[in-house]
Structures are given as C-alpha cells and as structure tokens.
Amino acid sequence: MAQKVLAITEQINGVFRKVTYEAVSEGKRIADSLGTKLTVLVIGSEIEKTAEELCEYGADKILVADAPSLKEFLVDRYTQVAAGVIENEQPSVVIAGASSIGKDLMARLAARISAPLAMDCLDIKVDGDLIKAIRPMYGGKILAEVSLEGTPKMLGIRPNAMRIDKLSGEGVIEKCQANFEEGDLKSVDKSLETGMVELTEADIIVAGGRGMGGPDYSLLEELADLTGGAVGASRSAVDEGWRPQSDQIGQTGKTVSPNLYIACGISGAIQHLAGMSSSKVIVAINKDAEAPIFSKADYGIVGDLFDIVPAVIKEIRSVKE
Amino acid sequence: MEIIVLLKQVPATESLITVAGDGTSIKTDDLKWVINPYDEFAVEEALKIKKAHGGTVTILSAGSDKAVDAIRTALAMGADKGILINDPLVMDCDALGVARILSAAIQSNPFDLIIAGMRAVDDDNYQVAPAVAEFLKIPHISMVIKEDISDGKIICQRTVEGGTITVEAGFPVLFTTQRGLNEPRYASLPGIMKAKKKPLEKKSLADIGLSPAELGKPKITILSMSPPPERKAGKMIEGEDAVEMAKKLVKALKDEAKVL
Ligand SMILES: Cc1cc2nc3c(=O)[nH]c(=O)nc-3n(C[C@H](O)[C@H](O)[C@H](O)COP(=O)(O)OP(=O)(O)OC[C@H]3O[C@@H](n4cnc5c(N)ncnc54)[C@H](O)[C@@H]3O)c2cc1C
Ligand SMILES: Nc1ncnc2c1ncn2[C@@H]1O[C@H](COP(=O)(O)O)[C@@H](O)[C@H]1O
C-alpha cells in the first residue's frame, strides 16, 4: 500500500499561515513514524517561489497547483484540485491546518473521497498502522481520543497546538496538473487586515471584558503591541458592540491557546473559559476578588484594570530597556 | 424560496459536561438541551429570507425523540414544518454518517436553499454541512455573516482569519452561519401555540430510503473521553499599590513562567 503523508498548505497573498508550518512539521513527524515520505501541496496563483520555502520544513516533494483562477480560495475548485492530487498520490494520511479555510476545504474533501476526518487535533499518535488523535469537543470542555478508519486518514490540526521544526527534506518541486472546472462559486471581494496578529495564532493575548466599561481598548492594544500579542474579548464586550465579532473568545467564539493569556475585566463564565483554558499561562486582572476567573488563573491581581494595566505596561517597558 | 434548515439539539452552553461511566460518552441526566446556537442563526436567517422572498422553511434534524423540543422551538419562532430522523442508527453515526442521512432525507424534498450552522457546539466537527452539500452535489459557502439574494443569485460575506471574503453562488446552494449574521428572535406566545399544530414528521432510515449498508460504518470512533487537565488557582499577587503588583507580575512572567 502506498504510504505517504500529504500536507495541504494555506497561503494568502503569497504568505503561508503559521498553522501551515505546524501542519507540515507534524506531517513530517507522522511520515517519520510511518517510515515514509512527506508530500506538500501548495495551491494558488504565482506561488512557485513561495512554495520553495517549504523545503526547509522537511518536505520531500512539493506539488504546486498554480493557475490564475486558483488565486482566491474557492472551496469547489480547491476541493477538485486536492481530490485529484490524492487520487494520484494515494497518501495514507492527509494533514492540514484547521483554520477557517482549512476546515472548509477538509470537510468538503473528506465527503468527496469518503475519508475519516478528525478536526482540530491537539495531538496525533501513530501506533503501527493506527492513527489516533486527541480533539476537543463541547467547546473544549472535553478532550476525546479518536481513531480513524479508512484511507486516507484526514487530520485538521488546531492552530498553535503543534511544534514547528526546521528540517531539511529532499524538497523536489513539481508542477502538478491542476485539473478543475470553475464550478458554481465566484469570488467577489476580499477584505483582510494585514500586519495584524491573528488571535488563534498569537503567542500572547490580552483580552478585555465588560470591565473595560466601553469601546476604548487602547490600553489593551498598547499592551498587546508591546508584547507582540493580539487583543481578544469576551462575548459581553462583543455584544456591547465594543469589539468586532472576530475578537470573541469562548465556546461560541474562537478557541485560543496562547503561551500567555491576560484577562482584564473578565469574570470567567464557563463559556469564556471553554475557549481559553488551554492557554499555557493565564493572568487575571479583576476588581472582584470572588470572580471565578481567579480559580483558573496562574497569576491573579485584584484591582482596577485601569490602574494595573498601565503599571504593567510601564514595567514591561522599563524591563525591556 | 424553499428553505431547509439543518438543526441539531445540543446541551446548553452553560452546562458542566462530565464523562459518563463508559468513558466514551457524556453524562446526559441533568443537562438542559437547546437548539445549537449556530442553528438558531440559521432559523432566524431562513425566516428573514422567507419574509423577503416567500416560500417555506422546513426544519430537518437527526437525533433522538427529545430533539422534538428543539424542532418545536424553531416552529414557534416561525418555521413551517419539521422533520426528525429518529432512527436508532443515527446515534452511532460520525459526521459523514449524519450528513448521509440528512442528504438522503433532503433528496425527496424540493429545495432552493439549505442553511446550517458552521459547527455544532457539542461535536465541534465543522463537517456535517459541507458534507451534506457534497452529497447533494451543490455548492456551499461556510461561516457567513451577511447574505444578499437578488437576481437568482446569493452573495455571501464569510469570515476568514483577519477579515472577510465575499463569494457569489447560484441556487440551489447551502451556506453555514457564523456569529454576527443576525440576532435570533424569541418564540412568541402565539408562536408557541401555533407551533403545536404545525406538521412534524418522524422518519426512520427506511422512510428516507437509506439502507444501513448505504449508510456504512462510522470511520471515526471515540476511544475515550476525558476532561481537559484541571487548572488550579495559582498565585494571587499582592502589593501596596498597582506599581508594586505590576513589578511582581512582570518578574513572575519573565523569570518563573518564562512567557515574556
Ligand atoms: C449560548 C451562549 C454562548 C456564549 N458564548 C460565549 C463565548 O463564546 N465567550 C464568552 O466570553 N462568553 C460567552 N457567553 C457569555 C457568558 O455566559 C458571559 O456572560 C460572558 O462571558 C461575560 O463576559 P464578561 O466576563 O466580560 O462580563 P461580566 O461577567 O459582566 O464580568 C465583568 C467583570 O469585570 C470586572 N470588572 C469590572 N470593572 C472592572 C475594572 N475597572 N477593573 C477590573 N475588573 C473590572 C467585574 O468584577 C466582573 O468580574 C455565552 C453565553 C451563552 C448563553
Ligand atoms: N444531527 C443533526 N441533525 C441536523 N443537523 C445537523 C446534525 N448534526 C449537524 N448538523 C448541522 O451541521 C452543522 C455542523 O455540525 P458539525 O459538523 O457537527 O459541527 C450544525 O450546525 C447543523 O446545522
């Protein structure tokens, strides 16, 4: 049986997402455990130069599906391209980042090829021919260990959960015949903020809740900028209209696992905790000593965030100098 | 516009979820069950589209008999009829299996539009809706926060990391909801009264013409479930004033936790 690992990458405007490096690295580790090779698929337009970069992450072969009409992500076209590559390559494992686009593509692809798919994997174990994955359910309130039966086994990995390794592979670049029909979907418009640290990929998150008292988050933005982090919010802050929906962290928002999560004026409701309790270190700043967030925090400060946060900013600045 | 909403009943998000004795499922005794929040957006959007473009809204769910409550709630919000696939085999399905069942049930109903949630907040698969679209051979658009229907086309704005992209499709089509799409209405008292008289059919796999062989075996098996590692309360940082506490915190984050 053809054993091979295929990693599907994701790039926007010629830049790979961080989770792509994580998927390629994890793909390489799985390939090593299976004693096989790693093929990487890059889809887009004029992306051959970009693709080369993946040689440094252990790719043995890099397939480039390059066409003007693959410039923007459209799930119908991308699914056809990926399904075609899977048909040719016959991988036993397919791995990709479980970003918004990755999830969309993996879900449609799994149905097309009738393959098992585990979404948002936090950890993957190879046990002989068996592949097991740990994935969150119930918004992170439960971790499930699942096994995948069927070929190829498809794994969507949770951003920020897996290590990136720089390694050399053989790194042969091949153009792949991207056979697809243009399909029913048309791309109309795109609006992306550039230079922003994406919440799910951030190492540090400074999050504000109802305790912020209003839409002025400049204090938290300053702290985030200073630490190279991103700003997040509780649902209350989003419901108040203080922050965009895309900032919401929690069971019905984003799930994040940064190295450092600083919760400012957030009480720690169960739905909020579900989205951030896998953070490595949690700091809570809240003026109510009884706030439930303190029972989950590694470091807690009882006090007014408008006093504490400026002092923390000042201290970090002085330590940095 | 014939609209089908895929709706799942899930434990309320405020629920404490604990692992059952078998180690592969959760304790369901004391749970409060609700419509999956993303599917509530789907119902709301379907009602809005119906108001603007006419047609009917059908709620389709696969689940146990208790999912009737969730369907009735959607009918009370204003949907026209409900279908529940309550075959015992439903409970053993993985995401692909559920999608096969839902698409088989849809096949015999004419439709223009299917609206589903981007994810069910219990299984968190993000998979059933695109799979239904695939099995029905129609396009899908995921994570929609805004849609506009005119001239036989739908234009949807969807979220991606760091922004949005806008995609156009013809009909029939399926889209999934993202938070921000709308604010679901509450069922009114007259709505609740009316809902009692609205048609709600229960069907088995045989009724929708799907044999167990066509359904196939699940490809994803849960081997075990566990709560995530328990987080304990850590250190409270004390001090005379904000400056002193900030100093202690930054020192701890740098030297002890090594995250700064
Ligand atoms: C279906 C459903 C889904 C939900 N999904 C989510 C979700 O995904 N994410 C989410 O976050 N919530 C979610 N919620 C909401 C959740 O239940 C809570 O209501 C919400 O998290 C509370 O937000 P908060 O902590 O900002 O506000 P509050 O609970 O009001 O807490 C504000 C905190 O700020 C403190 N404070 C006030 N002023 C100051 C100050 N000056 N300095 C320091 N501290 C101060 C207060 O002591 C208080 O602890 C959901 C709810 C439902 C029903
Ligand atoms: N058993 C079900 N019955 C009806 N719809 C479902 C069912 N399971 C999932 N769905 C739909 O598919 C969406 C995504 O679910 P999931 O892929 O499980 O995250 C949900 O928001 C529903 O719209």
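The model is predicted, so local features need pLDDT of at least 70 and side-chain atom pairs count only at pLDDT 80 or more, while totals for chains, interfaces and linings use all residues. Residues are numbered from 1 along each chain as its sequence is written, chains are lettered from A and ligands numbered from 1 in the order in which they are written, and side-chain values use heavy atoms, with hydrogens and water left out.

**Stop 1: the strand pair across the chains**

Strands here are DSSP runs of E with at least two residues, helices are runs of H or I with at least four, and both are numbered from the N terminus. Two strands pair if DSSP finds at least two bridges between them.

**Stop 2: the interface**

Now show both chains. How many residues of chain B are in contact with chain A? There are 80, and they touch 86 residues of chain A; contact means heavy atoms within 4.5 Å. About 7100 Å² is buried between the two chains, 57% of it on carbon and sulfur atoms. Buried area is the accessible area (1.4 Å probe) that two parts lose on being put together, summed over both. Select B:E161, B:R179 and B:R231: they supply 13% of the area that chain B buries against chain A, more than any other three residues.

Eight salt bridges cross this interface, a salt bridge being a side-chain nitrogen of Lys or Arg within 4 Å of a carboxyl oxygen of Asp or Glu. To see a salt bridge, pick the side chains of A:D104 and B:R158, which meet at 2.7 Å, N to O. Polar contacts between chain B and chain A come to 48 residue pairs, both residues at pLDDT 80 or more. A polar contact is a pair of N or O atoms within 3.5 Å; within protein, one must be able to donate a hydrogen and the other to accept it, and residues adjacent in sequence count only if both atoms are side-chain atoms.

Next, select residues 242-256 of chain B. This is helix α7, which gives the most to the side of chain B that touches chain A, with 11 residues. That side of chain B divides into 44 nonpolar, 17 polar and 19 charged residues. Ala, Val, Leu, Ile, Met, Phe, Trp, Tyr, Cys and Pro count as nonpolar, Asp, Glu, Lys and Arg as charged, and the others, Gly among them, as polar.

**Stop 3**

Strand β14 (residues 204-208) of chain A is joined to β15 of chain A by four bridges. For a reference pair, select A:I205 and its bridge partner A:A230.

**Stop 3: two hairpins in chain B**

Select residues 140-150 and 153-160 of chain B, strands β7 and β8, which pair in the antiparallel sense over six bridges. B:S150 has B:K153 as its bridge partner. Two residues lie between the strands of this hairpin, where B:D151 takes a positive phi near 50 degrees.

Continue to β9 of chain B, which runs antiparallel to β8 of chain B and is joined to that strand by eight bridges. Here B:Q157 stands opposite B:T166. This hairpin also has two residues between its strands, and B:G162 takes a positive phi near 80 degrees.

**Stop 4: backbone exceptions**

Most residues other than glycine have a negative phi, and most peptide bonds are trans. Select A:T151 and A:P152, which a cis peptide bond joins, with omega about -15 degrees. In chain B, a cis peptide bond joins B:F171 and B:P172, with omega about -5 degrees. B:P172 is in the loop between β9 (163-170) and β10 (173-177) of chain B. Finish at A:E46, which is not a glycine but has a positive phi of about 55 degrees; A:E46 is found in the loop between β4 (38-44) and α2 (48-52) of chain A.
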